[in-house]
Every structure is written in structure tokens, then in C-alpha cells.
Amino acid sequence: MSNRPERLEPGSELQTDLGILQVSSARPHNKRHLVTFAGIDDRSKAEALRGLVLRAAPIMDPDELWVHELIGARVVDQSGTDRGSVASVVANPAGDLLELTDGVLVPLRFLVRSVPSERIEVEVPDGLFETT
């Protein structure tokens, strides 16, 4: 799944464990995409690709946050207190959450600055890190 439609433009290349596949065409279908690859010209060849993981080269965009650059980074609040490191990023309909190693959840919208894979600075409301 990708939020970058340019990954499926004709001519795009996707890496797989079987080699590179080149996109011939793609169109949305039921919250997914139907994709045709160059050289995959019959149903049996297409069926052989079922379940194959598709990967693409990173898109360099300085305004994007990448999950692999958040995991392990230290979270520091507005007072300069180190709150621990990010264990995972939890998808949430209201907005993604940083899950710290101690289980605390920090909404990603509180992020104000980051150094990829090292440090995440957040401005959080009072009480977010208090335990009861």
C-alpha cells in the first residue's frame, strides 16, 4: 500500500524477490489498484505473482516522515525531558501515534521537529506523560 500514486505510473519499476516488474498500467478498483506489468500478458503469469511483495525505491521528500526513521528515535518534550525511544508507529484513524518503549502513546501531530533516526521533538499538552 502506498500513498504515492506516482509509484504506479506507467514505466515505474517495483522490486520483488523474483526481480523487477515494470508497470504498464494501473487503475483504482475497490480501494485497491489493478496493475498490469510488462511481460505479464496472461492470467497464469498474473496468478503466479499473487501474494508477491512489491517494493519501491524511497522517494526523497524533505516534508515526509518515514516510519523507519521514527523507530528508535528519542522523543524529547518541550521542556527538554527525554521521554524514551519510539518502539513502533501505530496507525489510528484520528492520526498516527508514536508508541514509546514504555507503552506511552504520543500523537504524531505533536511532532514539531525531527532528526531522522535520532531525535523527535514534541510539544505536548500538560499531563500527557503523567501516569495514574
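Which residue in β2 does Leu14 stand opposite? The residue is Leu21. The structure is a predicted model, in which local features need pLDDT of at least 70 and side-chain atom pairs count only at pLDDT 80 or more, while totals for chains, interfaces and linings use all residues. Residues are numbered from 1 along each chain as its sequence is written, and side-chain values use heavy atoms, with hydrogens and water left out.

Leu14 and Leu21 belong to the pairing of β1 with β2, two antiparallel strands joined by four bridges. Strands (E, at least two residues) and helices (H or I, at least four residues) are DSSP runs numbered from the N terminus, and two strands pair if DSSP finds at least two bridges between them. The strands β1, β2 and β3 follow one another in that order in an open, antiparallel sheet of three strands. Its edge strands, each pairing on one side only, are β1 (13–16) and β3. The twist of this sheet averages 55° from one strand to the next, where axes are lines fitted to C-alpha atoms and angles run from 0 to 180 degrees between N-to-C directions.

A further open sheet contains six strands in the order β7-β6-β5-β4-β9-β8, and its pairing is mixed. Here β7 (105–107) and β8 (111–115) form the edges, each pairing on one side only. From one strand to the next, the twist averages 35°. Strand β6 (residues 97–100) runs antiparallel to β7 and is joined to β7 by three bridges; Glu99 stands opposite Leu105 in β7.

The pocket search was made on a 1 Å grid over the protein atoms alone, a pocket being an open set of points where a 1.4 Å probe fits, with protein on both sides within 12 Å along at least five of seven lines; lining residues have an atom within 4 Å of a point. Volumes are the space filled by probe spheres set on the points, which are joined across faces, edges and corners. The largest pocket holds about 1,500 Å³ of space. It is lined by 39 residues, of which Leu8, His33, Val35, Phe37 and Leu54 are the closest to its centre. At least two lining residues come from each of β2 (19–29), β3 (32–37) and α1 (43–47), and β3 gives the most, with six. The lining comprises 19 nonpolar, eight polar and 12 charged residues, where Ala, Val, Leu, Ile, Met, Phe, Trp, Tyr, Cys and Pro count as nonpolar, Asp, Glu, Lys and Arg as charged, and the others, Gly among them, as polar.

The second largest pocket holds about 230 Å³. Among its 14 lining residues, Asp61, Glu64, Trp66, Glu69 and Pro116 are the closest to the centre. Helix α2 (residues 67–70) gives the most to this lining, with three residues.

Seven salt bridges (a side-chain nitrogen of Lys or Arg within 4 Å of a carboxyl oxygen of Asp or Glu) are found in the whole structure. One of them links Asp41 with Lys45, the closest N and O atoms being 3.1 Å apart. Asp41 is exposed, at 63% relative accessible area, whereas Lys45 is partly exposed, at 36%; exposed means over 50%, buried under 20% and partly exposed in between, with a 1.4 Å probe and protein chains only. Asp82 forms a salt bridge with Arg74, with the closest N and O atoms 2.9 Å apart. Salt bridges that share partners also join Arg113, Arg119 and Glu121 into one network.
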